[in-house]
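I opened this notebook to record what I looked up in the model. The entries follow in the order in which I made them.

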2 protein chains.
Amino acid sequence: MDQVARRVTIANVAERAGVSKTAVSFAFNNPERLNVATASRILDIANELGYRPDPVARMLTQRRTDSIGILTPQDLSIIFTNPFFGAFSAGIAAVAEERGYSLHFISPLQGSLSRAIHRAIVDGVVAIGLTDDHPEIDEIRRAGLPMVLVDSATSGDSASIDVDDEGGARLAATHVIELGHRDVAILAIDGPRSTAGGGHGVVERRMRGYRETLAGAGIDLPTDAIAVGAASIDGGIEAFDRIWDSGRRPTAVLAMSDAMAIGAIRAIHQRGSSVPGEISVVGFDDVDLAASTDPPLTTVHQPVQGKGEAAVRLLLSVMEGGHSAPVHRRLETRLVIRSSTGPVSQAGRR
Amino acid sequence: MDQVARRVTIANVAERAGVSKTAVSFAFNNPERLNVATASRILDIANELGYRPDPVARMLTQRRTDSIGILTPQDLSIIFTNPFFGAFSAGIAAVAEERGYSLHFISPLQGSLSRAIHRAIVDGVVAIGLTDDHPEIDEIRRAGLPMVLVDSATSGDSASIDVDDEGGARLAATHVIELGHRDVAILAIDGPRSTAGGGHGVVERRMRGYRETLAGAGIDLPTDAIAVGAASIDGGIEAFDRIWDSGRRPTAVLAMSDAMAIGAIRAIHQRGSSVPGEISVVGFDDVDLAASTDPPLTTVHQPVQGKGEAAVRLLLSVMEGGHSAPVHRRLETRLVIRSSTGPVSQAGRR
DNA sequence: TACGGTCCGTAAACCGGTTTGCTAAACCGG
DNA sequence: CCGGTTTAGCAAACCGGTTTACGGACCGTA
């Protein structure tokens, strides 16, 4: 009838073995300080009792958790379905595991990212996609937690990893311009104040790249040629539908994520049009599966996994107290031309 | 010249405010027990000092971590690139976040899953894809950590969530048989002793479904018609190549994951053959992107996200000490026919 | 005047480990 | 047989919070 079998503590083991707590602790962490016979006897008893040192208690004294946090401003339930995030996490995991750190995800718990941060037990944080309007950055900074910012807006005081978003967007826009398209729609990633100018987040950087390049070719970008949506397949479908429903008939679509591009393609197919026959679509990210979509996706490549790896490496070096001044790295992007884009003339528009 | 600015502790705040530690603690967690003026004065000072209650210390007394672990036998760097896992995690995250739990990933740290488990600070564990040969299950059980097993082999003593793998495999095999295929290859997921019979893991269950259904149609399955590989696009490519290189020329390929199926399709295309013209391919999982591949993938649907949700719900109820006997749930599978399969006669084989 | 009840706050124990002296016994060479 | 060095193990402090039990001040009331 004993409720929840009480946890076996170090004291239990010590008592049962007729030694002090110290001895038990040594048996586990410092066996050479004990007589080999005693040590193994203690270990045996511990095992027999099913003793497992409480990791929380251990962390308290050792002042380290051996885990690093991945901070996302959006709900994980949304983010995990984005293949981009999978690849990024894989990059993080690769070097984290190699260095003995486990991964903890920090996301808005019941709406509060701040609460989540304070609850989080990590030695350092990789924050992805934080925009200007996330004061949480300062909370972490004030808490003295090592941190590196990835794809974020304000990076000033913290180490950061970015990619050349604006350049990538320029490549995408240039590509469709060269194919003769002049009626272009943009599928932007949803996020707080993403449409409001002035920010310096990923969305703004890409938008600037698109817009300025198009403007350079004399193409203007009316408001209803831009739609925002979640960075997911469904988000892409909805965003494209909104543009279509507004009456616009673009011949090229520039999407800010592959998932949205795939959504757009699906929406286009659903309306009976063809890609790239009637409408060209360009993605962003070059996720693993982009080469296997129908049709294979022309997209801006960024080293997603490499970004994750670089972020953790940088974080670890910050944690080791390496740098005095924050270091910023910017990774390259490039255009990968597959089959979702084609010349505008080819379109047998009805 | 002060090295690492010492962390602000509750004692610092107490001293600065001229009160006891208790008062400070109350100010945060139990403000109604304090004079409102005192409470806010303490809070002000705490804020001014940048005090953040150490979550580890707090956990130690409260005996709860507010986070749940996701246990995977493989490295996260591999697993995260599998879209299946993304969807599953999304399901887990959805209900975990809703209930205020954050997510911690437990994977073989530097090769040792056991070490990772002991380090993990979680209130409960969802273990995915553990096969018979993972003694870690017992470690967790002995540690008294609530756990639910998903897609695992041995489920006896623990709560579990599964999917009708064998039935799904039957559907896939039946489908290609009905299309007239008699030369069938299997792409199995790699894993410890996955090829050795006798196990009861996902791989074995699916394999049994394939094999028995084919056998029922008088089709035998020679060893070189089965290849194992990682559950990834690359794994699929390699596995298919191995079959091809062995001289076999199957007209249908049954893959145990969508990622492998996509890899197979890619490999098939690379060899100049068409899908489904010359070779039909069936996947497993029905991941989000399966509908957007080239060609859209015929696959066995399983409620991946729903599996994650169900797992956490079950775990939470176990943690609340609900059940006396472990509960087991089995979710449905069904075949989704898209365009990667076609009649064998249609093949204009060269 | 004494009594019981709130209100506000404190001291000390506790959570479960690790780590720092310290001591007693065994060992050792001369 | 002696002083010095290892070896083996212990008691107690500590990590940074939370919680329990208690007490003084103040209040209205009998």
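I took two strands as paired if DSSP finds at least two bridges between them. Helices (H or I, at least four residues) and strands (E, at least two) are DSSP runs, numbered from the N terminus. The model is predicted: local features need pLDDT of at least 70, side-chain atom pairs count only at pLDDT 80 or more, and totals for chains, interfaces and linings use all residues. Residues are numbered from 1 along each chain as its sequence is written, and chains are lettered from A and ligands numbered from 1 in the order in which they are written.

Entry: the sheet.
I looked up strand β8 (residues 252–255) of chain A and found it parallel to strand β9 (residues 280–285) of chain A, with 3 bridges joining them. A:Leu254 is the residue opposite A:Val282 in β9(A). I then traced the open sheet of chain A, which has 6 strands in the order β7-β6-β8-β9-β10-β12 and mixed pairing. From one strand to the next the twist averages 20 degrees.

Entry: helices on the sheet.
For angles I used lines fitted to C-alpha atoms, for helices over the stretch in contact, with values from 0 to 180 degrees between N-to-C directions. Contact between two residues means C-beta atoms, placed from the backbone, within 7 Å. Helix α9 (residues 165–178) of chain A lies across β6 (184–189), β8, β9, β10 (298–301) and β12 of chain A, at about 165 degrees to β9(A). Helix α10 (residues 202–216) of chain A lies across β6, β8 and β9 of chain A, at about 170 degrees to β6(A).

Entry: a helix pair.
I found helix α2 (residues 21–29) of chain A packed on helix α3 (residues 36–49) of chain A at about 95 degrees, with the axes 9 Å apart. This makes α2(A) roughly perpendicular to α3(A) (under 35 degrees is roughly parallel, over 145 roughly antiparallel, 65 to 115 roughly perpendicular, the rest oblique). From α2(A), A:Ala23, A:Val24 and A:Ala27 meet A:Thr38, A:Ala39, A:Ile42, A:Leu43 and A:Ala46 of α3(A).

Entry: DNA strand C.
I counted a residue as near the strand if its C-beta atom, placed from the backbone, lies within 6 Å of it. DNA strand C is surrounded by 26 residues, and the closest are A:Ile10, A:Ser25, B:Ala23, B:Asn35 and B:Thr38.

Entry: the chain.
I noted 13 helices and 12 strands in chain A.
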